Amino acid sequence: MAQVRNGIGEMLGVLFDRYQAPLFSFYCKLTGDRTLSEDLVQEVFFRILKYRHTYETGTRFRPWMYQIARNARTDHFRKYRPETSLEPEMSPSITHPDLAQQNQEAALLHRALLQLPEEKREVLVLSRFQELKYEEIAQLMGCEVNTVKVRVHRALQELRKTFQGLERGSAAQKHSEGTGFTRPGSLQ
Amino acid sequence: MTMTTCEQIAKLMPDYLKEALHPDQVGLVEAHIQNCAECREEAVLWKQLGSLPQEQPSPALRSRFTAMLESYQEGRWEKSSLASERQRLPLLSSFGRWFRMPAMAGVAWACVFLLVGFLIGKSVSKPVDSPDQAGQIAAMRSELKNTQTLMVLAMLELQSPNERLRGVTLSERGDQLDPQVLGALLHTVRYDASVDVRLAALDALSKYGARPEVRKGLIDSMQDQQSPMVQIALIDLLVDLHDRAAVQQLKKFRQDPSVNPAVKKRAEWGIQKLS
């Protein structure tokens, strides 16, 4: 009996090893919060364990998993509503050690992504980072494929504007820092 | 030629970005973004997004998962044994009353000794699990099978050939395969991009050659095979299974000028063996 039990554990372990990172990245890009993202990944695997009988064989696993992932997130925010007003500057993800060292452009792009309205951010994250087809995203969101495509396009447009705004802001900041630096004696 | 407008391009752009656009239309989009800065920036932005790093969870997440898995299984375990415990209790307490009645006590004790003796005899002669435990084992076995099916199917759709290979290997555990897994393995033999994965799936399926649907799937998959190695492995397996229905496909191999000479030779040998 223990062997059968270990078998189930081992198999779910294989799934976990393969999917924990993409799922974690999905939540990080969506919420900007690493701790919360880890909690949600844990919740998703708990639900996979609990509801694995509802998986319809013959369908792709990934969309099924993201359906669970989206529900887990919705349920979480229903319980803890105040946290939804996420201020990107305040969120821990901005202090990413890996991003901080990366070039500034990537950091700005990440910030711009976090500033997008939630539904635009989600459609971009799902289509760009999670290996899902537009058809599968449409199924997840319960809408037409064309609607998904329009949303992707609009989200990109908005991201471009936000990103450009941030770039201008940081360039101006650099410029003022630069001028401050050239006359260090002026304050004395 | 009229210039395509940004609005027209906006409809094509999402598929273009996913590299899912029809080749005829790719040129249209590319010509447009040469001249239109806004649309070009959209495509550039998509590329830049792809270079954002994938956040990695801390190693603690794995240990949390293991702990959760264990406690979940323990929890289920205790819950099911508790339920059967509770059902048994009223029976025991009524039995207990007999012992307190002087007239009945002797009979009750006799019953107990008889029962104990019977149980000892039974356990010495044939150590079997109680029906309860056997039921639990059966339930867990079916759970294992469900999980195996879920996992094999999930692994087979991964991008890395090594992981798909692992999926095929995991499908070979256990004695009976779910029809869905058989279907997925047949699909793998036919369409997987990696020769190694196709060969492994073929190997896993060889055990199920007695099933007509497997043999039919294998014969069907012959027409899509490009790799001589897989073609030869398929011929060998079908000859091994004595499936005459394969002869027609083998003749096609023999006639097709694009087929590797070694495969033609093997097909010839197969035709002789089967007819």
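The questions and answers below concern helix packing, the chain interface and the nonpolar core of a predicted model.

Reader: How do the axes of α2(A) and α3(A) cross: parallel, perpendicular or oblique?
Author: In chain A, the axes of helix α2 (residues 34–51) and helix α3 (residues 61–79) come within 9 Å and cross at roughly 125°.

Reader: Which residues of α2(A) and α3(A) make the contact, and how many of the residues are nonpolar?
Author: From α2(A) come L40(A), E43(A), V44(A), R47(A) and I48(A), while α3(A) contributes M65(A), I68(A), A69(A), A72(A), R73(A) and H76(A). By class, the residues of this contact include three charged and one polar, and the number of nonpolar residues is seven.

Reader: Which element gives the largest share of the side of chain B that touches chain A?
Author: In chain B, 43 residues are in contact with 47 residues of chain A. The elements of chain B that give two or more residues to this side are α1 (6–17), α3 (37–50), α4 (60–100) and α6 (131–156). The largest share, 13 residues, comes from α6(B).

Reader: Which residue of chain B is in contact with L159(A)?
Author: Within the largest nonpolar core, which has 93 residues, L159(A) is one of those that touch the most other members, as are V44(A), L185(B), A201(B) and L205(B). Leaving aside neighbours within four places in sequence, L159(A) is in contact with A112(A), L113(A), L116(A) and L124(A), and, from chain B, with L45(B).

Methods: Residues are numbered from 1 along each chain as its sequence is written. Chains are lettered from A and ligands numbered from 1 in the order in which they are written. This is a predicted model: local features need pLDDT of at least 70, side-chain atom pairs count only at pLDDT 80 or more; totals for chains, interfaces and linings use all residues. Axes are lines fitted to C-alpha atoms, for helices over the stretch in contact, and angles run from 0 to 180 degrees between N-to-C directions. Helices (H or I, at least four residues) and strands (E, at least two) are DSSP runs, numbered from the N terminus. Two residues are in contact if their C-beta atoms, placed from the backbone, lie within 7 Å. Ala, Val, Leu, Ile, Met, Phe, Trp, Tyr, Cys and Pro count as nonpolar, Asp, Glu, Lys and Arg as charged, and the others, Gly among them, as polar. A nonpolar core is a set of buried Ala, Val, Leu, Ile, Met, Phe, Trp, Tyr and Cys residues joined through C-beta atoms within 7 Å. A residue is buried if 20 or more other C-beta atoms lie within 10 Å of its own, exposed if 12 or fewer, and partly exposed in between; C-beta atoms are placed from the backbone.
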